[in-house]
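Here's a quick briefing on the structure below. Have a look at it first, then read on for the notes.

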Amino acid sequence: MTTRIDTRFAELAKQGRSAFVTFVMAGDPDPKTALDIIKALPKAGADMIEIGMPFTDPMADGPSIQAAGLRALKAGMTLKKTLEMVRAFRKDDDTTPLVLMGYYNPIYIYGVDKFVVDAKTAGVDGLIIVDLPPEEDTELCLPAMKAGLNFIRLATPTTDDKRLPAVLANTSGFVYYVAVTGITGSASADSNVVGEAVARIKRHTKLPVCVGFGIRTPEAARAIAEKANGSVVGTALVDALKASLDAEDRATPKTVGAVADLVAALAQGVRGAKQAAE
Amino acid sequence: MNPSLPNSFRSGPDERGHFGIFGGRFVAETLMPLILDLEKAYADAKADPSFQAEMNGYLKDYVGRPSPLYFAERLTEHLGGAKIYFKREELNHTGSHKVNNVLGQIMVARRMGKKRIIAETGAGQHGVATATLCARFGLECIVYMGAVDVERQQPNVIRMEMLGAKVVPVQSGSRTLKDAMNDALRDWVTNVHNTFYCIGTVAGPHPYPMMVRDFQSIIGIETRKQMQEAEGRLPDSLIACIGGGSNAMGLFHPFLDDPSVEIFGVEAAGHGLTQLHAASIAGGRPGVLHGNRTYLLMDDDGQIQDAHSISAGLDYPGIGPEHSWLHETGRVTYLSATDDEALAAFQLLSRLEGIIPALEPAHAIAKIMELAPKRPKDHLMVLNLSGRGDKDVPQVGDILKGKKK
């Protein structure tokens, strides 16, 4: 089954460039503004969009994304509303791949069987669930694959060659390489080390490899784009959004533009990359 | 009772860390290789007689075990029913049962060559035990503690700092135990190469619930032997308070396959089960948090709710996965006690027995006050007196002063 993710990577391969993947939190700072932001991302240069599903206890996230999730929850965001947002986005855009990223509990409570069907119907292409390692594949990974969703696995600096095959076994769409050991928005990624890691993963799989965690600037995005099939930026966008809010964390007329402008600058960086990895 | 009862209640977890549907390994990929390493290191240690021998030495001479099984004569007379015994875990070095587990984990960490130890703490008892053993073995110690708990358990914060630990007040979320655990996990994922996460209760990803239970089972093993010596038979009932549930699991586990022994766990009902509380079994349902599937307090969207208890050690919206399974199989009965009931029990025990209990076991004492009078005088009831109340004296003093006003 071909998803929008597969199609997009095939197109980018033809163009010989690396993907620029953006992360934003669903419902941050409120459901309407978040939808406007997501709608603005493809025009600003995002090749693919990861949408965070807010959760009270995001154990792999740093302070910025923790706060983004709490803003969204305070504004009344739920998993059901996140899927509604995806449906609304899909009315005008049927090609940009959408990946939901988050933690398992809200999906478990929604009901796995219902969730995979509803997500696919809404127009979701893939899932990244931080707290579901391959050891727990029967929970959501296998039902998601069956429903036609890509289950995108995280590989990390601690995933050694012995473990990689298990991590890659049920992965589809792309592999998300976490460039640093740590939480989102912490250390910055060293592109040389990342390049070696991407090459190592590519010895085990034909899937595209995208790199995230620790990429904040157009220069960093370009350096990663030269080593990988895609770079993911999240915390920097969430920080730009936060900086545009008023004192009560409400959206201002600047909010959508603040995120879109940074995305445009980062996309420029990625497009300036010499050559995307094979 | 559940129709699919197991042959034994003591055989869990399976090799993937499951107790029925509960437990598991719900962690980020970065941590997964570490958890597999730990599982192997613990299995090796368990099979190594020198590990057990070394641990027994420290348990005896450093912790002060065995802890006494004490006949609470005045409380028994006062309640006029069951004959009540206390397992005196509050007499251990550091003042609670927490040290049993920490000693075991620190010895495993040493075998693994880890020099940096992190821990989460609620009441500070686990933090103090961890700081103590890190001092004893010359290890770096960082303790994550919710900012709210730092305030209400000041004596333990001072103790940890005296012992050389760094106490990090956690400002995220509800600023209590749950958030301390989140930040400890964030530290671990960042410092994977040199850090050992010493979890304080029977929760977290496999192998923690099993490993912590094994280290705490010394409580029940000693109780069996001591009750045999005192009364020549098994106790008729066991009772213990439950936050994550490590003191309870330690007492219960060696008795799970003795059907004549009734077992009660007591959760914290806070202001009452219809208001803010910390009773995951009474008021929650199965979900996934902190590496395991278990009963959790949450809303309809699967968002974790803030717990509340007067006792910082019970102020957690979850419970160890093995308890969830023992609840669903019906082997253990889970009750709950409110803040006010625990406060009353705290005062009663101080005056009747000359023992100031921690607010955590005061919840179990509160239920003994209901259960014991309904049972015959030859009924042998054992309460796990899991910690002493020194740390709670300033807080309870303030509350009682406020009430008098």
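Contact here means heavy atoms within 4.5 Å. By that cut-off, 38 residues of chain B are in contact with 36 residues of chain A. Keep in mind that this is a predicted model, where local features need pLDDT of at least 70, side-chain atom pairs count only at pLDDT 80 or more, and totals for chains, interfaces and linings use all residues. Residues are numbered from 1 along each chain as its sequence is written, chains are lettered from A and ligands numbered from 1 in the order in which they are written, and side-chain values use heavy atoms, with hydrogens and water left out.

**Where the chains meet**

- Chain B and chain A bury about 2,900 Å² between them, 52% of it on carbon and sulfur atoms; buried area is the accessible area (1.4 Å probe) that two parts lose on being put together, summed over both.
- There are 3 salt bridges between chain B and chain A, a salt bridge being a side-chain nitrogen of Lys or Arg within 4 Å of a carboxyl oxygen of Asp or Glu.
- R163(A) forms a salt bridge with E29(B), and their closest N and O atoms sit 2.8 Å apart.
- On the side of chain B that touches chain A, α8(B) gives the most, with 7 residues; helices (H or I, at least four residues) and strands (E, at least two) are DSSP runs, numbered from the N terminus.

**Nonpolar cores**

- A nonpolar core is a set of buried Ala, Val, Leu, Ile, Met, Phe, Trp, Tyr and Cys residues joined through side-chain atoms within 4.5 Å; buried means under 20% relative accessible area, exposed over 50%, partly exposed in between (1.4 Å probe, protein chains only).
- The largest one has 164 residues, and F115(A), L127(A), L140(A) and Y176(A) have the most contacts inside it.
- Apart from it lies another core, of 30 residues, including L79(B) and M381(B).

- Most residues other than glycine have a negative phi, and most peptide bonds are trans.
- A cis peptide bond joins R65(B) and P66(B), with omega about 0°; P66(B) is in the loop between α2 (49-63) and β3 (69-71).
- H206(B) and P207(B) are also joined by a cis peptide bond, with omega about 15°.
- T94(B) has a positive phi, near 80°, and counts as buried at 3% relative accessibility.
- R175(B) has a positive phi too, near 55°, but is partly exposed, with a relative accessible area of 34%.
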